[in-house]
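Here are some exercises to work through with the structure open beside you. Try each task first, then follow the steps of the solution.

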Amino acid sequence: QVQLVESGGGLVQPGGSLRLSCAASGTIFSINAMGWYRQAPGKQRELVARINNVDSTNYADSVKGRFTISRDNAKKTVYLQMDSLKLEDTAVYYCNYFPPRGSWGQGTQVTVSS
């Protein structure tokens, strides 16, 4: 059974940084495209960034130039480095395949507040 566990969220001031991690188990991780998604209160879940099996990346316009997605296939982990955080980045962040499938994990809360 595939399991994706997100971690690394927290409370940060505007302009700060956080690094999220997503550890995968029960899957052939290296061949799958992965994505980070987020859901803010009262809004639909949206794709933030994705990375394919040859490390090609793509970002939502709202985070381009501030967020960096990467992966370590040996550790079956995908990361999201978030810099220059803004108030509007506050959300629960999830990882999943791209396109998403299966169950969503619990996510990790990111709160940007002064």
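A salt bridge is counted when a side-chain nitrogen of Lys or Arg lies within 4 Å of a carboxyl oxygen of Asp or Glu. Please keep in mind that the model is a predicted one.

**Exercise 1. Find the salt-bridge partners of Asp89, and say whether the residues in these pairs are buried or exposed.**

Step 1. Start with the cut-off: the nitrogen and the oxygen must be within 4 Å of each other. Asp89 and Arg66 meet this, with their closest N and O atoms 2.7 Å apart. Asp89 also forms a salt bridge with Arg38, where the closest N and O atoms are 2.9 Å apart.

Step 2. Place the residues in the chain. Asp89 lies in the loop between strand S8 (77–82) and S9, while Arg38 belongs to strand S4 (residues 34–39), so this pair ties together parts that are 51 residues apart in sequence. Arg66 sits in the loop between strand S6 (57–59) and S7, and its pair with Asp89 spans 23 residues.

Step 3. Check the burial, which here means under 20% relative accessible area. Asp89 and Arg38 are both buried, and Arg66 is buried too.

**Exercise 2. Now turn to Asp61 and Lys64: how far apart are N and O in their salt bridge, and are the two residues buried or exposed?**

Step 1. The side chains of Asp61 and Lys64 meet with an N to O distance of 3.0 Å.

Step 2. Asp61 and Lys64 are both exposed. Across the whole structure, the search finds 4 salt bridges.

**Exercise 3. Describe the surroundings of S4: which strands does it pair with, and how many bridges join them?**

Step 1. S4 runs antiparallel to strand S5 (residues 46–51), and 5 bridges join the two. Within this pairing, Trp36 stands opposite Ala49 in S5.

Step 2. Follow the chain from S4 to S5. Their hairpin has 6 residues between the strands, and Gly42 there takes a positive phi near 75°.

Step 3. S4 also pairs with S9 in the antiparallel sense, over 6 bridges.

Step 4. Finish with accessibility: 5 of the 6 residues of S4 are buried, leaving the strand mostly covered.

**Exercise 4. In what order do the 4 strands of the open sheet stand, and why is one side of S1 and of S7 left without a neighbour?**

Step 1. Read the order across the sheet: S1-S3-S8-S7, with antiparallel pairing.

Step 2. Strand S1 (3–7) and strand S7 (67–72) are at the edges and have a single partner strand each, so one side of each has no neighbour in the sheet. On average, neighbouring strands of this sheet are turned by 15° against each other, direction ignored.

Step 3. S1 pairs with strand S3 (residues 18–25) over 5 bridges, and Gln3 has Ser25 in S3 as its bridge partner.

**Exercise 5. Which elements give two or more residues to the lining of the largest pocket?**

Step 1. The largest pocket has a volume of about 200 Å³. Its lining includes Gln1, Val2, Gln3, Leu4, Asn96, Tyr97 and Trp104.

Step 2. The elements that give two or more residues are S1 and strand S9 (91–97).

Step 3. Sort the lining by residue type: 4 are nonpolar, 6 polar and 1 charged.

Definitions and conventions: Residues are numbered from 1 along each chain as its sequence is written. This is a predicted model: local features need pLDDT of at least 70, side-chain atom pairs count only at pLDDT 80 or more; totals for chains, interfaces and linings use all residues. Side-chain values use heavy atoms; hydrogens and water are left out. Two strands pair if DSSP finds at least two bridges between them. Axes are lines fitted to C-alpha atoms, for helices over the stretch in contact, and angles run from 0 to 180 degrees between N-to-C directions. On a 1 Å grid over the protein atoms alone, a cavity is a set of points where a 1.4 Å probe fits but cannot get out, and a pocket is an open set with protein on both sides within 12 Å along at least five of seven lines; lining residues have an atom within 4 Å of a point. Grid points are joined across faces, edges and corners, and a volume is the space filled by probe spheres set on the points. Ala, Val, Leu, Ile, Met, Phe, Trp, Tyr, Cys and Pro count as nonpolar, Asp, Glu, Lys and Arg as charged, and the others, Gly among them, as polar. Buried means under 20% relative accessible area, exposed over 50%, partly exposed in between (1.4 Å probe, protein chains only).
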